[in-house]
2 protein chains.
Amino acid sequence: VAFNITQLIKNKRLGRAHSQAEIKFLIDGFTASRVADYQMAAWAMAVCFNGLSSDETAWLTAAMRDSGRTLNFGRLKNQGRPRIDKHSTGGVGDKTSLIIGPILAACEIHTPMIAGRGLGHTGGTLDKLESIPGFRVFLSEEEFTQNVEKHFFSIMGQTESICPADRKFYALRDVTGTVDSLPLICGSIMSKKLAEDLSGLVLDVKFGSGAFMKTVDEAQELATLLKSTGESNGLRVHALLTNMDQPLGRFAGNAPEVIECIDILRGGTVIAQDTRDLSIELSAHAILLADRAPDLSAARDMAERALASGAAWRAFQKLLSYQGNGQELNLDSLRAQFEHVVLAPASGHIVAMNTEQIGYALVELGVGRKKASDSVDLFAGVEFFAKTGSSIEKGQPLFRLMGSSQPAFEDVSRLLCQSVQISNQAFGQKPLPLIAKVLT
Amino acid sequence: VAFNITQLIKNKRLGRAHSQAEIKFLIDGFTASRVADYQMAAWAMAVCFNGLSSDETAWLTAAMRDSGRTLNFGRLKNQGRPRIDKHSTGGVGDKTSLIIGPILAACEIHTPMIAGRGLGHTGGTLDKLESIPGFRVFLSEEEFTQNVEKHFFSIMGQTESICPADRKFYALRDVTGTVDSLPLICGSIMSKKLAEDLSGLVLDVKFGSGAFMKTVDEAQELATLLKSTGESNGLRVHALLTNMDQPLGRFAGNAPEVIECIDILRGGTVIAQDTRDLSIELSAHAILLADRAPDLSAARDMAERALASGAAWRAFQKLLSYQGNGQELNLDSLRAQFEHVVLAPASGHIVAMNTEQIGYALVELGVGRKKASDSVDLFAGVEFFAKTGSSIEKGQPLFRLMGSSQPAFEDVSRLLCQSVQISNQAFGQKPLPLIAKVLT
């Protein structure tokens with residue numbers, strides 16, 4: 001069936017619903033360049049105003065998934081073996097993938113993770129992995145599938161053949177002011193997850209000053225749509241709404257976050273409990289979705305044991321052997337050449353951290369990108385000595401800046417100090433918990 | 001000053017106002033292809049939802065005018081001589097330009113008319129003129145200017161160098177569902193009129209079943225915006241809101257409408273009074289704007305005299321000499337080879353005519369275009385023997401179809417009959433007058 005594209009755009013402009021066939025026609029046409037970029041841009045803007053129903057969103061997502069190749073875990077499926085991934089909507093210092101993957105591998109749960117790069121104020125898992133000398137993030141689909149089948153866990157960047165519609169559409173939305181649209185965000189996230197041939201997905205939907213969704217309500221709206229879209233397409237989904245009102249963990253930055261993850265996996269003294277807690281909780285939900293535990297408490301215990309026993313650490317080392325350069329990882333190779341400690345400008349309680357601003361300070365430092373073609377300083381990062389809820393004395397260490405060069409340190413120090421609110425009084429309002437809500 | 005285009009789009013999406021510099025940057029960038037089509041399309045869709053203020057609309061219009069060359073009547077201006085045009089928003093059987101131009105020329109009012117082609121259900125003046133053997137509608141700006149200076153009246157198609165931004169933007173809007181937007185419609189109409197270097201403009205803003213604006217209120221909204229946009233840019237504007245609930249006059253079709261105009265100009269028995277009445281009224285407002293009469297009544301008398309004295313007819317004949325092939329116009333050369341009379345299917349009062357449907361029936365007959373590249377049958381058309389407000393007996397002639405071939409006659413007859421509502425009772429509601437409102 002052929003539809004008139006201009007009429008489809010007009011219909012969405014008038015708030016009318018599309019049929020599944022219309023949405024498929026639109027996405028297929030756009031992928032094949034039969035639908036012009038300018039028509040897709042006009043349609044996207046109409047969607048920004050009039051939205052998509054949950055049905056339309058599910059159809060859009062499926063059409064985007066089907067715009068390219070999908071992974072095929074037919075062998076695992078035939079054996080009744082679950083395939084679980086975790087996806088985060090992005091934050092500052094958010095590094096849980098590098099802990100959850102090994103935990104799940106230790107629990108013998110197949111975990112195919114297709115990860116992305118940092119853009120804007122949030123970090124990306126691929127950049128973190130590339131700070132490990134020799135680590136390969138670009139695998140063939142065949143190698144990736146084999147890794148997941150054989151070693152349970154593999155992680156790679158998106159290939160050209162997976163969800164080409166999403167890649168093309170995202171690039172268009174980025175330059176046409178149409179990124180901020182729940183159904184389009186949902187389509188972008190879930191099409192790639194559906195292409196992984198999963199049986200279950202744990203979503204870490206961030207809210208707060210460092211997240212795209214500033215409030216719990218907004219995050220819940222997105223989480224609900226992501227979940228219904230997954231479920232409409234046959235995927236079990238749990239969603240956790242988690243706190244990004246401050247950076248997650250001890251470090252933000254590519255190599256620094258890898259160091260933090262290795263500390264946690266090795267079971268050493270954990271300096272930032274939140275990274276560990278959140279990783280355990282997300283892992284527990286993955287274990288539940290894999291039907292490996294009768295309830296959340298048992299699932300949590302299983303994740304804890306994977307960490308405490310060293311099994312997760314061994315899984316991580318194994319990952320380095322089949323995706324790395326075959327050499328023992330020398331942690332010193334992850335450390336930056338230059339550093340600079342920023343002292344607290346005043347005494348008092350830390351009552352808030354503008355985490356988006358911290359994210360943009362990290363970009364200035366070279367951790368992230370302003371545009372997709374920018375290169376990053378893999379060694380750059382910030383250590384947080386004190387975070388929201390703690391007290392500090394003037395002159396005590398507040399941040400440590402790290403990097404391959406020093407010129408940006410002064411500007412970044414100023415940005416970071418501005419992002420922290422130090423008050424004589426503790427909170428008026430109690431801060432929101434690390435995990436505000438769980439949708440199962 | 002350079003602006004970030006994506007941010008401009010986002011601002012309009014959020015309903016924020018643009019500055020004049022931002023709008024100029026957008027239009028100049030689009031004309032020079034620095035702003036991508038997809039960005040302009042997204043912006044246009046945001047405008048469809050959030051609108052533009054009257055200031056923004058005036059700036060948009062001026063920027064579009066300035067995207068190319070404009071006419072220059074400096075010599076006339078220096079002599080304090082007014083330049084007046086009339087513009088109609090389009091309808092079925094709307095042919096007043098061919099009467100008003102000669103009337104104004106007879107009154108020695110300089111009248112530069114840049115006209116367009118028919119598209120969709122409405123006709124276009126250029127197509128009508130091209131039905132006259134040898135008539136040239138494509139003149140150089142120099143010849144056009146000289147004609148207007150010397151002979152008072154000239155009429156031509158838009159040149160490549162006038163308002164290139166409008167041509168490019170209209171083509172984009174046409175395929176992105178963004179045609180229906182008052183400020184964008186206003187920018188398109190008024191940029192071309194501002195490029196004519198006029199001192200005054202009479203607007204014929206149509207309402208009713210055959211117009212783009214279905215109600216008087218909608219037409220008034222557009223007329224008000226057109227007027228304020230002209231006035232913001234130094235142009236005096238009168239706007240008449242006129243009735244398109246039925247076709248205007250005796251004929252619709254290219255050559256047939258030329259025949260009707262010649263009948264009126266020659267002062268013969270006028271079969272359709274509405275074409276003549278509207279032409280007089282629009283001419284009277286042009287005469288007022290040219291300061292050639294103290295009030296509307298005197299202006300109307302002057303227009304009447306131009307017709308009654310034969311001066312307008314002589315001006316039309318003169319037009320044929322300087323834009324035609326130098327030969328006497330033989331009216332027989334305008335008549336179609338085939339014709340077919342449609343009889344009234346029932347007796348009663350004609351209470352309504354779906355004039356848009358009549359327009360589309362005319363397109364089927366070959367009078368108009370479905371898309372800009374279609375060719376037209378210049379001889380095709382319809383004669384209306386009875387219109388809204390009259391009574392008819394079953395079997396009496398209702399329409400006469402004309403054309404260079406007959407195959408479409410049957411389908412078109414059916415469409416035309418369906419478009420006429422014949423009732424036992426006269427109107428429940430009194431029909432709206434030919435001229436519902438005048439904005440001066």
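Predicted model: local features only at pLDDT ≥ 70, side-chain atom pairs only at ≥ 80, totals over all residues.
Modeller: Residues are numbered from 1 along each chain as its sequence is written, chains are lettered from A and ligands numbered from 1 in the order in which they are written, and side-chain values use heavy atoms, with hydrogens and water left out.

Colleague: Is B:Lys12 buried or exposed?

Modeller: B:Lys12 lies in helix 1 (residues 5-13) of chain B; helices (H or I, at least four residues) and strands (E, at least two) are DSSP runs, numbered from the N terminus. Buried means under 20% relative accessible area, exposed over 50%, and partly exposed in between, with a 1.4 Å probe and protein chains only. Because its relative accessible area is 2%, B:Lys12 is buried.

Colleague: What span does helix 11 of chain B reach from its first C-alpha to its last?

Modeller: Helix 11 of chain B covers residues 216-232 and has 17 residues. The expected span of a helix is 1.5 Å times one less than its number of residues. Close to the expected value, helix 11 of chain B reaches 24 Å.

Colleague: Which strands of chain B do the buried residues of helix 11 of chain B pack against?

Modeller: The buried residues of helix 11 of chain B include B:Val216, B:Leu222 and B:Lys227. Contact means heavy atoms within 4.5 Å. Besides helix 4 (54-65) and helix 10 (182-194), these buried residues pack against strand 4 (200-207), strand 5 (236-243) and strand 13 (435-439) of chain B.

Colleague: How are helix 10 of chain B and helix 11 of chain B placed to each other?

Modeller: Their axes come within 10 Å and cross at roughly 50°; axes are lines fitted to C-alpha atoms, for helices over the stretch in contact, and angles run from 0 to 180 degrees between N-to-C directions. Angles under 35 degrees count as roughly parallel, over 145 as roughly antiparallel, 65 to 115 as roughly perpendicular and the rest as oblique. Helix 10 of chain B and helix 11 of chain B are therefore oblique.

Colleague: Which word describes helix 2 of chain A relative to helix 4 of chain A?

Modeller: Helix 2 (residues 20-31) and helix 4 (residues 54-65) of chain A have axes 9 Å apart and pack at an angle of about 40°. That angle makes helix 2 of chain A, relative to helix 4 of chain A, oblique.
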